[in-house]
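Biologist: Please take me through how to read a few features of this model.

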Amino acid sequence: MLLKAGVRSMGRVKGDFRVYRLGVVLADIAVILAVVTLAYAAAVDHPNVMPTRGLSTPFVTEYTVISVGIVAIWLLALLLSSSYSHRVLGSGADEYKAVLRAVFGTAGTVAVLAYLTKSDLSRLFFVLMFTAGPVLAVVGRYSARQLLHHLRRAGWFQHDVVVVGGYHQVAELIEVLDRERWTGYRVVGVCLPSRDEHRTVQGIPVVGDTQEVREALQVTRAEAVFLTSGAGHSSKEFRRISWQIEGTGADLAVLPSLTDVSGPRIHVRPLAGLPLLHLELPEFTGPQRVTKRLLDVLAATFGLVLLAPLLLLISLAIKVSSPGPVLFKQIRVGRDGKEFLCLKFRTMVVDAEARLAELMEQSDGNGLLFKMRDDPRVTRAGRKLRRFSLDELPQLLNILRGDMSVVGPRPPLPAEVATYSIDLRRRLLVRPGLTGLWQVSGRSELSLEESTRLDLYYVDNWSLMSDVEIAWKTVRAVLGGRGAY
């Protein structure tokens, strides 16, 4: 009874996900009304649509009726496309796909109805609505998702889950879900093949064995069950576990022994009753890489031209704040292990390297990298440059020369590379980046293990869209000055 009460109290979390769903519905309504209103206003005011008639004419009444109808059709399309399903809401690309299906489905429906009713629908009205509509609809959902992730990290809108499987597989999954709290899954109970071997896993109570999953759901009041490797020795055992969940209202998810794999690389294809999980292997050559290099050159060129006045001001500030050169040059290791001269604005006094030994014991770094929050070697101008990562702008020249990319793993020192294991050497398969997952995930606050994991994740899951997302997040991270010193 004490265990049951403890687990239940542990499973109570702040917020109901239905509240978030209602908020998304209201946000969608606001977006749709805004799009329809803007298109309506533009159509009514356009001289080719309504050259001489006032706002009291039947024309305006007709457009009012059409606008109300479009709002209703659009909301119905969002509902039918499952864009409000808890399985897609708040994570993954399926939510955005459902929203876009609803928008274009609405456009098709409106076009067909206009043709059948012989309505004189303005082309401007139609085009404005269904060009601005998809963009604003996706932006609205993206904004809502960012808010949801922020609230989930604070403990709100969580889904309680029971994890079933072998001890090590369960422990790994708990660690991932605890680290990535934005996913919204909170483990409240564990079922192991033999409950007598362990009382807890990573601090989570063992509430049963693999034959007591139904009882575990009743004790924890969990909303989902995650099956990991080790839950059963055969497909029949997995099926028996799934049968236990029938009628409980809980969701069932099966997790293979794969971590740090992005969604676009995974495809499920049923074959003779077997759910084959196809995993696309990362590609390090081909058209996408050529496109990436072309975008790098364009971005670096545009950046150097646009930021030329700022670069000049920074150079003057460095000269005024302390004697010495404007640029700091350091050997780093790039793609395929080739060394190059990495450029930065100098942020320290000229004898910084000579003074390093006396400060080593005060390092806040993550292993090989020396980091110190209040490093006395950093100049006054250097502190400002580091806070907003402006000291790294000269690396735009490294990008033009082909040493680096805009987005990629952090450029390592030769001393780091000398200690690399076979796994870590995968970081050298791509060009290092001016920014990357490490930049948008904590910068100097990351541990060596975490920064390495992020770099390997980037190498294995790279895509042009992920580069765009990282670049966008970099702007926010840099403007906030989070994790930099």
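Biologist: Is Ser389 buried or exposed?

Modeller: Some ground rules come before that. This is a predicted model, in which local features need pLDDT of at least 70 and side-chain atom pairs pLDDT 80 or more, while totals for chains, interfaces and linings use all residues. Numbering starts from 1 along each chain as its sequence is written, and side-chain values use heavy atoms, without hydrogens and water. Buried means under 20% relative accessible area, exposed over 50%, and partly exposed in between, with a 1.4 Å probe and protein chains only. Ser389 is buried, because its relative accessible area is 10%. Ser389 sits in the loop between α11 (380–387) and α12 (395–401); helices are DSSP runs of H or I with at least four residues, and strands are E runs of at least two, numbered from the N terminus.

Biologist: What is the phi of Ser389?

Modeller: Its phi is near 60°, a positive value in a residue other than glycine. Asp336 likewise has a positive phi, of about 60°, and is not a glycine. Asp336 belongs to the loop between β9 (327–333) and β10 (339–345), and counts as exposed because its relative accessibility is 55%.

Biologist: How do I read the packing of α7 and α8?

Modeller: Two packed helices are described by the angle between their axes and the distance between those axes. The axes are lines fitted to C-alpha atoms, for helices over the stretch in contact, and angles run from 0 to 180 degrees between N-to-C directions. Here α7 (residues 213–220) and α8 (residues 235–245) pack at about 35°, with axes 8 Å apart. On the α7 side, Val213, Arg214 and Leu217 meet Ile241, Gln244 and Ile245 of α8, where contact means heavy atoms within 4.5 Å.

Biologist: Which residues have the most contacts inside the largest nonpolar core?

Modeller: A nonpolar core is a set of buried Ala, Val, Leu, Ile, Met, Phe, Trp, Tyr and Cys residues joined through side-chain atoms within 4.5 Å. The largest one has 30 residues, and Tyr20, Ile70, Trp74, Leu78, Phe125 and Met129 have the most contacts inside it. At least two of its residues come from each of α2 (17–45), α3 (58–80), α4 (94–116) and α5 (123–153), with α2 giving the most, 8 residues. Another core lies apart from it, with 23 residues, including Leu304 and Trp462.

Biologist: How many disulfides does the structure hold?

Modeller: A disulfide is a pair of cysteine sulfur atoms within 2.5 Å. The structure holds 0. Cys191 counts as buried, at 0% relative accessibility, and Cys342 is buried at 4%.
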